[in-house]
Amino acid sequence: EHRPDIMLLDIEMPRMDGFEVATLVRHDEQLRDLPIIMITSRTGDKHRERAMEIGVNEYLGKPYQEAQLLEKIRLYTE
């Protein structure tokens, strides 16, 4: 009923990983334009490239700076 302004994902999540969630969002007619920020400990190029191919907007490695995350959120929600 309510469309979120942004989605924050991690690659490692229970049941469905962040790649699967991002793929579902990008294939959903109503959510395909939803900004996605992936925050993960998986900082290798292989994971980053896969996320970007799916359509993730930003990819932040852990640990991340809170100010950086908030700036990215502001960038996509204003």
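Start by selecting methionine 13, which lies in the loop between β1 and α1. Helices here are DSSP runs of H or I with at least four residues, strands are runs of E with at least two, and both are numbered from the N terminus. This is a predicted model, in which local features need pLDDT of at least 70, side-chain atom pairs count only at pLDDT 80 or more, and totals for chains, interfaces and linings use all residues. Residues are numbered from 1 along each chain as its sequence is written, and side-chain values use heavy atoms, with hydrogens and water left out.

**Stop 1**

At 30% relative accessibility, methionine 13 is partly exposed. Buried means under 20% relative accessible area, exposed means over 50%, and partly exposed is in between (1.4 Å probe, protein chains only). Now show the contacts, meaning heavy atoms within 4.5 Å. Leaving aside neighbours within four places in sequence, methionine 13 is in contact with Gly18 and Val21.

Select aspartate 10 next. Aspartate 10 is also in the loop between β1 and α1. Is aspartate 10 buried or exposed? Aspartate 10 is buried, with a relative accessible area of 17%. Not counting residues up to four places away in sequence, aspartate 10 touches Asp17, Gly18, Ile39, Thr40 and Lys62. Alanine 22 is twelve residues from aspartate 10 in sequence, and 10 Å from it in space, C-alpha to C-alpha.

Move to arginine 15. Arginine 15 sits in the loop between β1 (7-9) and α1. Arginine 15 is exposed, with a relative accessible area of 90%. Check the backbone here. Phi of arginine 15 is near 70 degrees, a positive value in a residue other than glycine. Most residues other than glycine have a negative phi, and most peptide bonds are trans.

**Stop 1: two helices side by side**

Select residues 18-26, helix α1, and residues 45-54, helix α2. The two helices pack at an angle of about 15 degrees, with their axes 9 Å apart. That makes α1 roughly parallel to α2. Axes are lines fitted to C-alpha atoms, for helices over the stretch in contact, and angles run from 0 to 180 degrees between N-to-C directions. Angles under 35 degrees count as roughly parallel, over 145 as roughly antiparallel, 65 to 115 as roughly perpendicular, and the rest as oblique.

Which residues make the contact? From α1 they are Phe19, Ala22, Thr23 and Arg26, and from α2 they are His47, Arg50, Ala51 and Ile54. By class, the contact of α1 with α2 has four nonpolar, two polar and two charged residues. Ala, Val, Leu, Ile, Met, Phe, Trp, Tyr, Cys and Pro count as nonpolar, Asp, Glu, Lys and Arg as charged, and the others, Gly among them, as polar.

**Stop 2: strand β3 and helix α3**

Select glutamate 58. Glutamate 58 and lysine 72 meet in a salt bridge through their side chains (3.3 Å, N to O). Glutamate 58 lies in strand β3 (residues 58-61) and lysine 72 in helix α3 (residues 66-77), so the pair ties together parts that are 14 residues apart in sequence. A salt bridge is a side-chain nitrogen of Lys or Arg within 4 Å of a carboxyl oxygen of Asp or Glu.

Compare the two ends. Glutamate 58 is buried, with a relative accessible area of 14%. Lysine 72 is partly exposed, at 22%. Leaving aside neighbours within four places in sequence, glutamate 58 is in contact with Ile36, Ile37, Met38, Lys72, Leu75 and Tyr76.

Step along to proline 63, in the loop between β3 and α3. A cis peptide bond joins lysine 62 and proline 63, with omega about -5 degrees.

**Stop 3: further salt bridges**

How many salt bridges does a search of the whole structure find? The search finds five.

Select arginine 74 and glutamate 71. They form a salt bridge, with the closest N and O atoms 3.5 Å apart. Both lie in helix α3, three residues apart, about one turn of the helix. Arginine 74 is partly exposed at 39% relative accessible area, and glutamate 71 is partly exposed at 43%.

Finish at glutamate 29. Glutamate 29 forms a salt bridge with arginine 32, with the closest N and O atoms 3.4 Å apart. Glutamate 29 is exposed at 65% relative accessibility, whereas arginine 32 is partly exposed at 36%.
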